[in-house]
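Biologist: Could you take me through this structure, giving the general idea of each feature before its case here?

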Amino acid sequence: MIRALAAFHGDEATISYEALQEAFFGDSPRATALVAWDGNEAVGYAGITDVSSLHEEAGRLDIHHLYIAQPHPFPCIVTSLFSSSFLF
């Protein structure tokens, strides 16, 4: 899905599987992936990263990626992913 999102924007995803594993599951994870499923099929994801706010003393979460595979119902999946992001 990361490759599909990059292609949609005219880019090429160059990150390796190993680098993604480290980003999401390594000793110091830098991102969280929320995945939307339809049965056994992953149909969308939100990639969440921690960011620093330069004008506040607190960090916050940024939805860095949001992707929904076609032809799945965009509004329903986005609502579900956004709702799940508030758990972090």
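Biologist: Which residue in E2 is the bridge partner of Ala33?

Modeller: The general idea is that helices (H or I, at least four residues) and strands (E, at least two) are DSSP runs numbered from the N terminus, and that two strands pair if DSSP finds at least two bridges between them. In this case Ala33 has Gly47 of E2 as its bridge partner, and E1 and E2 pair in the antiparallel sense over eight bridges. Please keep in mind that this is a predicted model, in which local features need pLDDT of at least 70 and side-chain atom pairs count only at pLDDT 80 or more, while totals for chains, interfaces and linings use all residues. Residues are numbered from 1 along each chain as its sequence is written, and side-chain values use heavy atoms, with hydrogens and water left out.

Biologist: In what order do the three strands form the sheet?

Modeller: The three strands form an open sheet in the order E1-E2-E3, with antiparallel pairing. Strand E1 (31-38) and strand E3 (59-68) are the edge strands, and because each has a single partner strand, one side of each is left without a neighbour in the sheet. From one strand to the next the twist averages 20°, where the axes are lines fitted to C-alpha atoms, for helices over the stretch in contact, and angles run from 0 to 180 degrees between N-to-C directions.

Biologist: How many bridges pair strand E2 with E3, and in what sense?

Modeller: Strand E2, residues 41-52, pairs with E3 in the antiparallel sense over nine bridges.

Biologist: Is His64 buried or exposed?

Modeller: In general, buried means under 20% relative accessible area, exposed over 50%, and partly exposed in between, with a 1.4 Å probe and protein chains only. His64, which is placed in strand E3, is exposed because its relative accessible area is 54%. Val51, in strand E2, has a relative accessible area of 28%, so it is partly exposed.

Biologist: Which residues are in contact with His64, leaving aside its neighbours within four places in sequence?

Modeller: Contact means heavy atoms within 4.5 Å. With neighbours within four places in sequence left aside, His64 is in contact with Gly47 and Thr49, and Val51, on the same terms, is in contact with Gly59, Arg60 and Asp62.

Biologist: Which residues make up the largest nonpolar core?

Modeller: A nonpolar core is a set of buried Ala, Val, Leu, Ile, Met, Phe, Trp, Tyr and Cys residues joined through side-chain atoms within 4.5 Å. The largest has nine residues here, namely Leu34, Ala36, Val43, Ala46, Ile48, Ile68, Ile77, Val78 and Leu81. At least two residues of this core come from each of E1, E2 and helix H3 (74-85). Ile77, leaving aside its neighbours within four places in sequence, is in contact with Ala36, Val43, Ile68 and His72.

Biologist: How much space lies in the largest pocket?

Modeller: On a 1 Å grid over the protein atoms alone, a pocket is an open set of points where a 1.4 Å probe fits, with protein on both sides within 12 Å along at least five of seven lines, and lining residues have an atom within 4 Å of a point. The points are joined across faces, edges and corners, and a volume is the space filled by probe spheres set on them. Here the largest pocket holds about 450 Å³ of space, and of its 16 lining residues the closest to the centre are Met1, Ile2, Leu20, Phe24 and Ala33. Helix H1 (2-8), helix H2 (17-25) and E1 are the elements giving two or more residues to this lining, and H2 supplies the largest share, five residues.
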